[in-house]
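Thank you all for coming.

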Amino acid sequence: MERIEHRACFGGWQDVYRHESGVLGCTMDVAVYLPPQATRDAKLPVLYWLSGLTCTEQNFITKAGAQRYAAEHGVVVVAPDTSPRGDGVADADGYDLGKGAGFYVNATEAPWSRHYRMYDYVAQELPALVEAHFPVGDVRAISGHSMGGHGALVVALRNPGRYRSVSAFSPIVAPSKVPWGEKAFSAYLGADREAWKQYDACELVRTAEEKLPLLVDQGGDDEFLDGQLRPQLLQAAAVAAGHPLQLRMRPGYDHSYYFIASFIGEHIAHHAAAMQGDARVHAGVPHGHDGGCCGGH
C-alpha cells in the first residue's frame with residue numbers, strides 16, 4: 001500500500017493509501033485514520049465506514065469530524081471509496097449507477113461484473129489488507145451513510161461473528177423496493193429479484209443467524225426519507241423477526257454531512273464500547289445514550 005496523503009489530526013494521522021485491488025481489478029484509494037494510541041505494538045479496534053452515492057473516501061474524512069472521537073476512543077477508522085475507478089471501469093450517465101455508485105454488491109451482469117465486486121472488497125480483501133499493514137487486530141465494527149448505510153447493514157448481517165457492532169445514518173434499508181436500489185440491482189444483478197434479497201437488509205434480518213443490534217439514525221427532514229429510504233420497512237422487518245433495532249428519528253435533520261457530523265460522536269462511542277465488550281451495547285443501548293428511540297426493542 002502506497003501512502004499518498006499524510007496529515008496530523010487530533011494527535012494522530014489522517015492518511016490516504018493507494019493499492020491495487022485483485023478483487024476489483026483496478027487501483028483503489030482508501031482513507032485510514034490512525035489515532036494517537038496507534039503504536040507498532042498496539043492492536044487497536046477498527047471501524048469501517050462506507051460512504052454514499054457520488055462519494056469518494058474524501059467526503060467522510062473532510063466533513064464528518066470523526067477523527068476527534070476516534071482519537072478519544074483509540075479507534076482506527078478505515079473509509080474506502082464507493083466503487084471501482086479507472087479508465088477501463090464501466091460507467092453510466094447519472095449519479096446513481098456506475099462510478100461512485102457501487103452499492104456494495106458483487107455484480108453478475110456485463111459490463112459491471114468485471115470490476116463491480118464491492119461486497120467482496122469490503123467484506124474480505126480490504127480487511128485483510130488493513131490487518132496486514134496497520135496496528136489493528138480482528139476486532140471490527142462497521143457503519144455508513146445512505147448507500148453506505150445499506151452496505152454496512154448488509155455486510156454485517158451476512159457475516160455473523162465478524163463485527164462487534166453495526167450502525168447506519170439514513171440507510172437504504174429496502175433497496176429492492178425503492179428507485180435507487182431497483183435501478184442499481186437491475187443493472188448489476190439482473191432481473192431475478194430473488195438474487196436481490198442477499199443485498200437487502202429487510203430481507204436479511206428475517207433469517208439472520210446472529211441478532212447483532214442495529215443502530216440507525218435518520219433525519220426527519222431528509223429529502224429522500226419517503227421515496228428512497230423508508231426506515232419503517234426495516235422497523236417492521238426487525239419487529240417480525242425479533243431482531244434488536246434502535247431507529248432514532250432526528251427532527252429537523254436532512255441527508256447531508258451536517259447530520260452525520262452532529263451524531264458521529266455518539267456512533268463512534270457506541271462502536272468503541274461494543275469493541276471493548278460493553279454489555280449495554282450488545283443489549284441495544286448505545287453508549288452514553290438512554291433515549292430518543294423510535295420503534296426499537
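How many cavities of 30 Å³ or more does a search of the whole structure find? The search finds two. Before I describe them, a word on what is on the screen: this is a predicted model, in which local features need pLDDT of at least 70 and side-chain atom pairs count only at pLDDT 80 or more, while totals for chains, interfaces and linings use all residues. Residues are numbered from 1 along each chain as its sequence is written, and side-chain values use heavy atoms, with hydrogens and water left out.

By a cavity I mean a set of points, on a 1 Å grid over the protein atoms alone, where a 1.4 Å probe fits but cannot get out. A pocket, by contrast, is an open set with protein on both sides within 12 Å along at least five of seven lines, and in either case the lining residues have an atom within 4 Å of a point. Grid points are joined across faces, edges and corners, and a volume is the space filled by probe spheres set on the points.

The largest cavity holds about 60 Å³ of space, and the residues lining the largest cavity include Q14, Y33, F60, Q67 and V78. Two or more lining residues come from each of β3 (26-34), α1 (57-63), α2 (66-73) and β5 (76-80), where helices (H or I, at least four residues) and strands (E, at least two) are DSSP runs numbered from the N terminus. By class, this lining has ten nonpolar residues, two polar and no charged; here Ala, Val, Leu, Ile, Met, Phe, Trp, Tyr, Cys and Pro count as nonpolar, Asp, Glu, Lys and Arg as charged, and the others, Gly among them, as polar.

The second largest cavity has a volume of about 30 Å³, and its lining consists of A156, L157, V166, A208, E210, L212 and L214. That lining divides into six nonpolar residues, no polar and one charged.

Turning to the open spaces, the largest pocket has a volume of about 180 Å³. Of the 14 residues that line the largest pocket, L53, T54, C55, H145 and H255 are the closest to its centre. The lining of this pocket is made up of six nonpolar, seven polar and one charged residues. T54 also has a positive phi of about 75° although it is not a glycine, and T54 lies in the loop between β4 and α1.

Let me move on to the strands. Strand β6 (residues 136-144) is mostly covered, with eight of its nine residues buried, where buried means under 20% relative accessible area, exposed over 50%, and partly exposed in between, for a 1.4 Å probe and protein chains only. Strand β4 (residues 44-50) runs parallel to β6 and is joined to β6 by six bridges, two strands being counted as paired if DSSP finds at least two bridges between them. In β6, A141 is the bridge partner of L47, and A141 also stands opposite S165 in β7.

Strand β7 (residues 165-169) pairs with β6 in the parallel sense over two bridges, and in β7 the bridge partner of I142 is V166. In a regular strand the side chains alternate between the two faces of the sheet. In β7, S165, S167 and F169 point one way, V166 and A168 point the other way, and all are buried.

Now to a helix: which residues of helix α9 (residues 231-241) are buried? They are P231, L234, A237 and A238. They lie on the same side of α9 because they cover an arc of only 120° around the axis, the arc being that of the directions from the helix axis to the C-beta atoms. On the other side of α9, V239 and A240 are exposed. The buried residues of α9 pack against α4 (147-158), α7 (201-207), β8 (214-219), α8 (225-229) and β9 (245-250), with contact meaning heavy atoms within 4.5 Å.

Last, the backbone. Just after α9, G242 takes a positive phi of about 65°. R230, in the loop between α8 and α9, has a positive phi of about 50° although it is not a glycine. A cis peptide bond joins A110 and P111, with omega about 0°, and P111 lies in the loop between β5 and α3 (118-133).
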